[in-house]
Amino acid sequence: MGILKKWMGGIDISHDMHLLLMIGGLYSLSVSLSNTFVNVYLWKQSGKFLDIGVYNLSIVIFQPVTFILAGRLAKKVDRIIVLRLGVIFLTAFYLCVLSVGTNATHFIVLLGGLLGVGYGFYWLAFNVLTFEITEPDTRDFFNGFMGILSSTGGMIGPMVAGYIISNYTRYSGYTIVFAISLTLFATAVIFSFFLRRRPADGKYFFSAILKERSNNPNWRLITNAHFFQGLREGTFMFIISVFVFIQTGSEMALGNFGLINSGISFIAYFIASRYIKKDKRKRFILLGGILLYAAVFLIAFDISYGKLLAYAALIAIAYPILLVPYVSLTYDIIGQAWNAADMRIEYIVVRELFIHIGRFVSILGFMAAVFFFDELKSLPIFMLIIGTGHLIIYFFVRKINLAHTAV
């Protein structure tokens, strides 16, 4: 921890913050190993964009519902238990994938549901723990370093997975990769036993915090921003990996895509976590949004593997520029909101609800575009529309005014 503190500019790293970073890093590595390839795994069996859409729609339906339930549990039991529930359901997802094998397309709703429930429990607990363990002065560091760990996993995971899958016949490589992910999630559960217990009490006021948007302009603005964040993410979080595979027919090429994206992202997150300061947050959010929308034009028309690699590089720079200040700003708004000390869980649940409403709208739009229209003509236009999501974020956050914190 002393080396980490020195490397990151003298930031004090608590025991729990260190453990949470390790758990987050294991999660990121497991996800980067497998989840990038799950959509390709389904595509190889089905060859239909609509099936991919149904699978991802199942995730974004079950995840927010679980978030609401997990929020209630987090007010009644230890948050660490909620975190473990998330990892258990994610483990069940991979066990199910391994069990159904080449019949996965017959169980896409079940698979999406398990993943959505796992994500819901995991991210509710992880976000609440992030809010509790970090302070305003350490949040930019934590979010930045978490980005570094995610990028490291993103470099290692896809390359290793792509190599394994490419060097084994048929679907046996996928079986090995999914089994490795199981092991990593099990390790994350073990680390969670060393976190200090964080029991909660009190009533669950989800509806009150939802209504608080009428009383708190900052809260209304940031939740609106999160809807548009989800609007882009809903489709882009799965369609790009399918595009790469369609263009190349190679899982190894998808691994190279992930390596380039995460390698550049690693450097960008390191720089962002060190040099983006509170008084420049809004400017960087605007810059990140502009770069992310510009990247869409690289792949909307005449897609090639070269353009997809350029897209990977550009978003790897843009996401840290936007997300490091944006996530920190969100937590600062929650920290200053009405009754935040007692209702931080409810605030995080409502925030995630708006992200997933955006993702739900996005995936429904994607499914409509490929079902009712010629996908070759409709998808480019659809991507240009929803691709504005991160750019629109700025037009909400620029109006935010934190009286006690310079932003």
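**Close-up views of helix packing and buried residues**

**View 1. Helix α11 meets helix α14.** Tyr293, Val296, Phe297, Ile299 and Ala300 of α11 touch Pro380, Met383 and Leu384 of α14, where contact means heavy atoms within 4.5 Å. The residues of this contact are eight nonpolar, no polar and no charged; Ala, Val, Leu, Ile, Met, Phe, Trp, Tyr, Cys and Pro count as nonpolar, Asp, Glu, Lys and Arg as charged, and the others, Gly among them, as polar. The model is predicted, so local features need pLDDT of at least 70 and side-chain atom pairs count only at pLDDT 80 or more, while totals for chains, interfaces and linings use all residues. Residues are numbered from 1 along each chain as its sequence is written, and side-chain values use heavy atoms, with hydrogens and water left out. Helix α11 spans residues 281–300 and helix α14 residues 375–386, and they pack at about 175 degrees with axes 9 Å apart. That angle makes α11 roughly antiparallel to α14. Here helices (H or I, at least four residues) are DSSP runs numbered from the N terminus. Axes are lines fitted to C-alpha atoms over the stretch in contact, and angles run from 0 to 180 degrees between N-to-C directions. Angles under 35 degrees count as roughly parallel, over 145 as roughly antiparallel, 65 to 115 as roughly perpendicular and the rest as oblique.

**View 2. Helix α12 packs on helix α13.** Helix α12 (residues 305–336) and helix α13 (residues 340–372) have axes 9 Å apart, at an angle of about 140 degrees. This makes α12 oblique to α13. Their crossing is right-handed, meaning that the near helix is turned clockwise from the far one by less than a right angle. From α12 come Thr330, Tyr331, Ile334 and Gly335, and from α13 come Ala340, Tyr347, Ile348 and Arg351. By class, this contact has five nonpolar, two polar and one charged residues.

**View 3. Helix α2 crosses helix α9.** The axes of α2 (residues 15–46) and α9 (residues 217–248) come within 9 Å and cross at roughly 55 degrees. So α2 is oblique to α9. The crossing of α2 past α9 is right-handed. On the α2 side, look for Thr36, Asn39, Val40, Trp43 and Lys44, which meet Phe238, Ser241, Val242, Phe245 and Ile246 in α9. Six nonpolar, three polar and one charged residues make up the contact.

**View 4. Ser32 sits in helix α2.** With 8% relative accessibility, Ser32 counts as buried, that is, under 20% relative accessible area with a 1.4 Å probe and protein chains only. Leaving aside neighbours within four places in sequence, Ser32 is in contact with Phe37, Gly153, Gly154, Gly157 and Pro158.

**View 5. Asn218 and Asn224 belong to helix α9.** Asn218 is buried, at 13% relative accessible area. Beyond neighbours within four places in sequence, Asn218 is in contact with Ile333, Ile400, Asn401 and Leu402. Asn224 and Phe354 are 130 residues apart in sequence, yet 7.2 Å apart in space, C-alpha to C-alpha.

**View 6. Leu124 in the largest nonpolar core.** Of the 135 residues in this core, Leu124 and Ile240 touch the most other members. Such a core is a set of buried Ala, Val, Leu, Ile, Met, Phe, Trp, Tyr and Cys residues joined through side-chain atoms within 4.5 Å. Outside four places in sequence, the contacts of Leu124 include Phe67, Val82, Tyr119 and Ile345.

Technical notes: Helices (H or I, at least four residues) and strands (E, at least two) are DSSP runs, numbered from the N terminus. Buried means under 20% relative accessible area, exposed over 50%, partly exposed in between (1.4 Å probe, protein chains only).
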